[in-house]
Amino acid sequence: MADLRVKKGSNKKHGSVSVTTIKSLPKELQVEIFAKVATRSIFDHCMIKLCCKEFLHAAEDDYVYRHASMENFALVPLPWFTGNKESSFLKRCRESGNSEILYREGMVQYFTSSRVELGLKNLKEAALEGHDDAKYVYCMLLMCGEDEGQRKQGFDLFCSLKESTSVIRCRKRVKSFVRSMWLKNKPNGKSSFCGSGTCDSERQKQLSKRWSSFEDKDGGISCQRCGADHELGFFCNMFGV
């Protein structure tokens with residue numbers, strides 16, 4: 001259970017924390033601890049609930065489910081392979097605002113069903129909660145649109161994403177997700193984002209061609225708008241657009 005091993009014995013043991021010690025903590029701290037556990041292991045989260053009523057009460061807090069890991073669940077779970085316990089757990093995570101399940105459901109709703117608006121809403125909500133992959137998809141979709149205000153919003157979001165994390169890793173994870181779905185809807189297609197004429201367009205075009213065959217690189221383009229166009233190309237290629 002990461003660095004926390006709950007034992008009923010003495011709290012003198014090296015590298016472990018006794019049930020008695022954790023029981024003595026305020027509920028708010030217990031919830032914080034159990035949320036950390038749930039982000040790493042759903043199995044350990046379930047084991048904690050079996051320890052005692054106090055732990056069960058704290059581990060059932062919405063905050064814990066909001067941070068629970070989805071690692072053991074398929075990206076696109078099939079209803080006929082999902083048991084009652086799993087369905088109940090996923091429902092509780094959804095109701096608690098878990099950003100990972102919002103992202104996953106948003107992807108399926110937007111790209112594989114007719115619930116495009118709901119999918120975009122869930123992707124936006126997950127992005128606002130700080131989910132990097134949701135933020136990547138959401139800003140790409142905004143930049144693919146025709147509304148200039150939304151395109152500007154998407155561009156700003158893309159720039160902030162590049163400053164905070166690796167766009168390459170986001171792209172690879174999203175690409176893996178897209179490959180696991182039956183696609184019904186696709187992005188509108190890549191439309192040029194850099195039309196200001198303030199950059200050396202021919203040089204940027206050559207750079208874009210050079211980098212396009214190396215998906216593990218995103219450097220070398222100094223113009224931010226050309227960089228956005230470059231990334232939009234990768235995104236649209238995931239869908240064959």
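Author: Arg171 and Glu231 are both buried in this predicted model, and buried here stands for a relative accessible area under 20%. The two side chains meet in a salt bridge, with a distance of 2.7 Å from N to O. This pair links distant parts of the chain, since Arg171 belongs to helix α11 (residues 167-179) and Glu231 to helix α13 (residues 224-238), 60 residues apart.

The two helices that carry this pair may be considered next. Two packed helices are described by the angle between their axes and the distance between the axes. For α11 and α13, the axes come within 10 Å and cross at roughly 15 degrees. Angles under 35 degrees count as roughly parallel, and α11 and α13 are therefore roughly parallel to each other. Their crossing is right-handed.

Side chains of opposite charge can pair when their charged atoms come close. In this model the count of salt bridges comes to nine. One of them is formed by Lys152 and Asp156, whose side chains meet at 2.7 Å, N to O. Whereas Arg171 and Glu231 are 60 residues apart in the chain, Lys152 and Asp156 both lie in helix α10 (residues 148-164), where four residues, about one turn of the helix, separate them. Lys152 has a relative accessibility of 41% and therefore counts as partly exposed. Asp156, at 37% relative accessibility, is likewise partly exposed.

A further pair is found in helix α8. There Lys121 forms a salt bridge with Glu125, and the closest N and O atoms are 3.9 Å apart. Because Lys121 and Glu125 are four residues apart in α8, about one helical turn separates them. Lys121 is partly exposed, with a relative accessible area of 49%. Glu125 is also partly exposed, its relative accessible area being 32%. Salt bridges may also join into a network, as they do for Glu60, Asp62 and Arg92.

Helix α8 deserves attention for its packing as well. Helix α7 (residues 99-112) and helix α8 (residues 116-128) pack at an angle of about 155 degrees, and their axes are 7 Å apart. Angles over 145 degrees count as roughly antiparallel, and α7 and α8 are therefore roughly antiparallel to each other. In contrast to the right-handed crossing of α11 and α13, α7 passes α8 in a left-handed crossing. Leu118 is one of the residues found in α8.

Phe43, Met47 and Leu50 make a nonpolar surface patch of about 360 Å². Phe43 lies in helix α3 (residues 42-49). Because its relative accessible area is 55%, Phe43 is exposed, whereas Arg171 and Glu231, with which this account began, are both buried.

Conventions. Residues numbered from 1 in each chain as written. Predicted model: local features only at pLDDT ≥ 70, side-chain atom pairs only at ≥ 80, totals over all residues. Heavy atoms only, no water. Patch = residues over 30% accessible without salt bridge, like charges linked within 9 Å, V, L, I, M, F, W, Y side chains within 5 Å. Areas by Shrake-Rupley, 256 points an atom, 1.4 Å probe, with all protein chains shown as cover. Salt bridge = Lys/Arg side-chain N within 4 Å of Asp/Glu carboxyl O. Helix = DSSP H or I, 4+ residues; strand = E, 2+ residues; numbered from the N terminus. Buried < 20%, exposed > 50% of the residue type's maximum accessible area, 1.4 Å probe, protein only. Axes fitted to C-alpha atoms, helices over the stretch in contact; angles between N-to-C directions. Parallel < 35°, antiparallel > 145°, perpendicular 65-115°, else oblique. Left-handed = near helix turned anticlockwise from the far one by under 90°.
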